[in-house]
Amino acid sequence: MAEIVYPPVIGAALTLFRALDLKIRIEGAERIPRTGGAVLVSNHISYLDFIFAGLAARPSKRLVRFMAKKEVFDHRISGPLMRGMHHIPVDRAAGAAAFGAALKALRDGEVVGVFAEATISRSFTIKEIKNGAVRMAVGAKVPMIPVSLWGTQRLWTKGHPKKLLQRHVPITIQVGEPMHPQRGDDYDAVTADLRGRMSEMLDQVQRNYPEIPKGVWWQPRHLGGTAPTPEEAEKLDAEEAEERASRRES
């Protein structure tokens, strides 16, 4: 497919990151195959995660097609960009179409990016995840590769103001060992294994991050930060979902 939009968007993002002197460190990029399909499964802590998770595939010269909620494609500014980069819209009321589109992309040799937690984690730990990534990898007979992001939440995340022009912020992007789920596997068990690996990876990058201050909002509670605990975050998510449902009904 023609790539008119994606390369200039990456170029513009990298130019901005250089101007801001973001300290981007990519680990394990060689684990992303240079050819063929793959499912990239990333944690989700920022509205910018698709940009940084996509950078993990840049050393392999791959472009990642991310699955994102339909509302992003409906937006007058982001919509044309998302469609131009051939990302995959997800209508949560009719998810089969998105699943089918992702399977086709994988079978065509594309790398498909998935945020298995579905929404941003306010606690900066791994939320419960669904087995869709596993089912896609099995259906397309491709590897499933976990990715861990840290530092992106400092730029723009849920419940905090944007700070897109911060300078010198360290960003860690870690690519884990590929997983190869097979037909006949217990998909829920494989999903639990995936979540466990993602949790271990995230904890590792958090503990190895150049800055680990106490009492800051962008640090998880177990490392001395003031982010909500997973239980508090779950309650906030439920309240937000109820509010959205009330607005739709009114």
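Visitor: Before we look at details, which residues does the UniProt domain annotation cover?

Guide: Since this is a predicted model, let me keep apart what comes from the record and what is computed. The UniProt entry, which is unreviewed, carries the annotation "domain: Phospholipid/glycerol acyltransferase" for residues 38-152. In the model, that span is 36% helix and 22% strand, and its end C-alpha atoms lie 23 Å apart.

Visitor: Okay, let's pick a helix. Is α6 mostly covered or mostly open?

Guide: Helix α6, which runs over residues 132-140, is mostly covered, with eight of its nine residues buried. Those buried residues are Gly132, Ala133, Val134, Met136, Ala137, Val138, Gly139 and Ala140.

Visitor: And what do those buried residues pack against?

Guide: They pack against the strands β2 (38-42), β3 (64-69), β5 (111-114) and β6 (144-150), and also against the helices α5 and α7, the latter spanning residues 187-207.

Visitor: Take α5 first, then. At what angle do α5 and α6 pack?

Guide: Helix α5, residues 95-107, packs with α6 at an angle of about 45°, and the two axes are 9 Å apart. That angle makes α5 oblique to α6, and α5 passes α6 in a right-handed crossing.

Visitor: Which residues make that contact?

Guide: From α5 the contact is made by Phe99, Ala102, Leu103, Leu106 and Arg107, while α6 contributes Gly132, Arg135, Met136, Gly139 and Ala140. Sorted by class, the contact of α5 with α6 has six nonpolar, two polar and two charged residues.

Visitor: Now the other helix. How do α6 and α7 pack, in angle and axis distance?

Guide: For α6 and α7 the angle is about 115°, with the axes 9 Å apart, and these two helices are therefore roughly perpendicular to each other. The crossing in which α6 passes α7 is right-handed. Val134, Arg135 and Val138 of α6 make the contact with Tyr187, Val190 and Thr191 of α7, and by class this contact of α6 with α7 has four nonpolar, one polar and one charged residues.

Visitor: What follows α6?

Guide: Helix α6 is followed by Lys141, a residue in the loop between α6 and β6. The phi of Lys141 is near 55°, which is a positive value in a residue other than glycine.

Visitor: Is Lys141 buried or exposed?

Guide: Lys141 counts as exposed, because its relative accessibility is 76%, and the class of exposed residues begins over 50%.

Visitor: Changing topic: where does Pro33 lie?

Guide: Pro33 lies in the loop between β1 (23-27) and β2, and with a relative accessibility of 23% Pro33 counts as partly exposed. Pro33 is 29 residues from Arg62 in sequence, yet their C-alpha atoms are 8.5 Å apart in space.

Visitor: What does Pro33 touch?

Guide: If neighbours within four places in sequence are left aside, Pro33 is in contact with Ala38, Ser60, Arg62 and Ile145.

Visitor: What about Ile173, is it buried or exposed?

Guide: Ile173 is buried, with a relative accessible area of 0%, and it lies in strand β7, residues 170-175. Not counting residues up to four places away in sequence, Ile173 touches Ile24, Arg25, Ile26, Glu27, Phe52, Leu55, Ala56, Val147, Ser148 and Leu149. Ile173 and Gly28 are 145 residues apart in sequence, while from C-alpha to C-alpha they are 8.6 Å apart in space.

Visitor: One last spot. Where is Glu239, and how far is it from Glu110?

Guide: Glu239 lies in helix α8, residues 230-249, and is partly exposed, with a relative accessible area of 41%. Glu239 and Glu110 are 129 residues apart along the chain, and their C-alpha atoms are separated by 37 Å.

Terms used
Residues are numbered from 1 along each chain as its sequence is written. This is a predicted model: local features need pLDDT of at least 70, side-chain atom pairs count only at pLDDT 80 or more; totals for chains, interfaces and linings use all residues. Side-chain values use heavy atoms; hydrogens and water are left out. Axes are lines fitted to C-alpha atoms, for helices over the stretch in contact, and angles run from 0 to 180 degrees between N-to-C directions. Helices (H or I, at least four residues) and strands (E, at least two) are DSSP runs, numbered from the N terminus. Angles under 35 degrees count as roughly parallel, over 145 as roughly antiparallel, 65 to 115 as roughly perpendicular and the rest as oblique. A crossing is left-handed if the near helix is turned anticlockwise from the far one by less than a right angle, and right-handed if clockwise. Contact means heavy atoms within 4.5 Å. Ala, Val, Leu, Ile, Met, Phe, Trp, Tyr, Cys and Pro count as nonpolar, Asp, Glu, Lys and Arg as charged, and the others, Gly among them, as polar. UniProt positions are given in the numbering used here, feature names are shortened, and annotations may be inferred rather than shown by experiment. Buried means under 20% relative accessible area, exposed over 50%, partly exposed in between (1.4 Å probe, protein chains only).
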